[in-house]
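Morning, everyone. Please have the sequence and the 3D view ready.

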Amino acid sequence: MDHKEFRVKAKELVDYIADYLENIRDHRVYPGVQPGYLHKRLPNEAPQLPEKWDDIFKDVEDHIMPGIVHWQSPHMHAYFPALTSYPSIMGEMLSSAMNVLCFTWASSPAGTELETIAMNWLGKLLGLPDCFLNEKNDSPGGGVIQTTASEATLVSLLAARTRALIELSSLNPDMQSSELLGHLICYCSDQAHSSVEKAGLIGLVRMRYIESDENQCMRGAKLEEAILNDKDKGLVPFWVCATLGTTGSVAFDNLREIGEVCEKHSAWLHVDAAYAGSAFICPEYRHWLNGVELADSFAFNPSKWLMVNFDCTAMWVKESTALHRTFNVNPIYLRHENSGKAIDYMHWQIPLSRRFRALKLWFVLRNYGVVGLQKHIREGVRLAQKFEALVLADQRFEIPQPRNLGMVAFRLKGDNTLTERLLKRLNARGYIHAVPACFKGVYVIRFTVTSQRTTNQDILDDWSEIKKVASEILVDTFGSENGNIVMPKKPRISLKETRELNATFGTSLLLANSPMSPKIVNGTHVAICDYEQVLSSCAQTFAQLKMEPKDSPEMRRRIRGIRMCGKKFSLDSYMDMVQGLMVEQSLPQCSEEEREEASNGSSPGDRSSITSSPVTSSTTIKQDNSDLSQLHVPSTPSRQFRSKSFDVSLSDLKLDDATISIDMRNNEITITPTGSKKFDDQVHFNAVEGKLNIGDKISQAFDSFQGGILGDRNDVGDKVDKMDDDSKITIKGPGSYIKKLIQQFSEGPFETEDVKTESEKAVTTQSIKDRADAICKKCFHYKGRISK
């Protein structure tokens, strides 16, 4: 392949990769092949002559893809995440193209220094202490990228062993290192990863497993007890591995307790946070890091949850000299004139050569940013919480250990064999893939949210698959979908009992298409829609959907009850009320002239009020501009309004009997009677009515004006003040509530308008009078809705 063909085929490959990742759900996550399937398809020897690229890639699709476990699939829930991302893929492509070896600074200055910078960035994101960073040439600590967490564990154990042997040799100069090695012993939890055991085997040291507590955590007391017993036997504790996020249940060892014990007995403390370490970029999860300053080394895998493709393990140490003493080899061909002035990472690891892994890590950190990575982690945790809730809602299942982060360990109730059969059948069907875990004899299925492409629907689909297979197994075993679980009947709670427990409980009509069969539910855990714009927003939505409101006596009674009750209700109740209002009056669309005026002189918030108002008018405007801060509304031909959800007759309300003025400067609404109408003395509201909002006070003021009903007149609560000449009533609102009321109940804000000719005013937006008219009318329609 030459560069011309590479340009073409590489672009085709990028398209193939993008299509594969975006259509990953089309692939069965777990392949249905048997061992040896590929040996039957491919030749036994390499070809003697070159083959065409198209033929080679055709075999990828025909033979390789059928045997692939699709780790990037949203239905992949086995192990821990092994994610990739587009910036990481591009970093890997560029690194592969350059193919530099970063074992010393001289072999790749940029590769070496970028790794130091990227590890400092990442360490700060996790909240690690400064002693783990390398921001100065004389910093004793620093970070290095290893291949896997298993290698990081082994590196720390070997470094701790070297330190312990040096100390013992100084105390026992007559003994050989091989003799001293037999006295060393290290410790880990019985829930630690298998790589810790493998590190002990390679290091030729004894390993003691500390029994975890009921939450699968290793505690300091148990560790110290084991150390003291081993010291009495002549053994020397030298290394302890604490796990943050165990493989079986994502349990967290008590880092501070363990750190204090290690400090007391001079043992190296290594922290293995392979999976959970990524979560520490979110501050809310850093409480598990309490005591990390007592650790000697810390490692986690960005290649798991941070979308940096494998391999990439971040490891930090407090004292890099411990690594140098263990892995330092310095042949003449590896020396350079800047040795000692810069980091040579070949002394921080087991192999000599190393890839340019820092490039893809740097790409991901920059392309996603801190906010993007935190959002990714939190979404994975949220989806795991959703799955946990689904499992707990099914009484056939149980979660033996508390969920932490993005993994849920669940099982079928009963014998372990039921859960084993469930897992085997799930994997055999291939729609989801999971693996088991076992702690203290309890067999569980590990369900980990692994993919950044996982959605709520993916979780629901996976849970449906699990329930379906579980039902089949339980029917086969017990003859019932519930197995041997007795399903208790849910107790029936009467509405009376509910209201005795919660006096503010409001009833909600669920499934509005069946109004004759209401369902009474406890709605205290759901969101209550109680903000000011909800009715206008719902009304606007109804208007856009062009829904046909349906009227019925039952609906009118329901709406009347809602409005007279004064309690908080859920969104569907509010929507029922809006639909009832639509029956009384249609919700017209804004005319072209109204849009033009709104765009010329109104703010975006004002224009939304104009389009959502249910009041229309074509009346000619006549206004007095003598006082720009106070607009007076002249009398116009009367209009009568009748609210189907308000029992008091409004037939006597005639707006030509009054002049309504809106004073935006002083936040006042003034109603001046005309003719022979007079207001009573000061209008007071009793203790109950004193709690009503401004909208109620306006409505009661109009009731008083027309001779309507008023409550008991006690000298308590708020009041509507009468003017000195007994000829007008002024409604004052605290703060900006009057303005909010006007903007909510009118076609637009009560601002001064440009002087126009009479013909221009006749075709523009509705008159100021109609706006005030709308205030009056809507006070009855929305009575009790706006609250402080």
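I'll go through the cores, then the sheet.

This is a predicted model, so local features need pLDDT of at least 70, side-chain atom pairs count only at pLDDT 80 or more, and totals for chains, interfaces and linings use all residues. Residues are numbered from 1 along each chain as its sequence is written, and side-chain values use heavy atoms, with hydrogens and water left out.

A nonpolar core is a set of buried Ala, Val, Leu, Ile, Met, Phe, Trp, Tyr and Cys residues joined through side-chain atoms within 4.5 Å. Buried means under 20% relative accessible area, with a 1.4 Å probe and protein chains only. The largest core has 69 residues. Which touch the most other members? F280, F298, W316 and L405. Helix α12, residues 358–393, gives the most, with 8 residues. Helices (H or I, at least four residues) and strands (E, at least two) are DSSP runs, numbered from the N terminus.

A second, separate core has 34 residues, including L180 and L323.

Now the sheet. It is open, with 4 strands in the order β8-β9-β11-β10 and antiparallel pairing. Strands pair if DSSP finds at least two bridges between them. β8 (397–398) and β10 (435–439) are the edges; each has a single partner strand, so one side of each lacks a neighbour in the sheet. β8 pairs with β9, residues 407–412, over 2 bridges. E398 sits opposite R411 in β9.

Back to α12. This helix packs on the sheet, touching β8, β9 and β11 (442–448). Touching is contact: heavy atoms within 4.5 Å. Helix α13, residues 416–429, packs there too, touching β8, β9, β10 and β11.

Technical notes:
Buried means under 20% relative accessible area, exposed over 50%, partly exposed in between (1.4 Å probe, protein chains only). Axes are lines fitted to C-alpha atoms, for helices over the stretch in contact, and angles run from 0 to 180 degrees between N-to-C directions.
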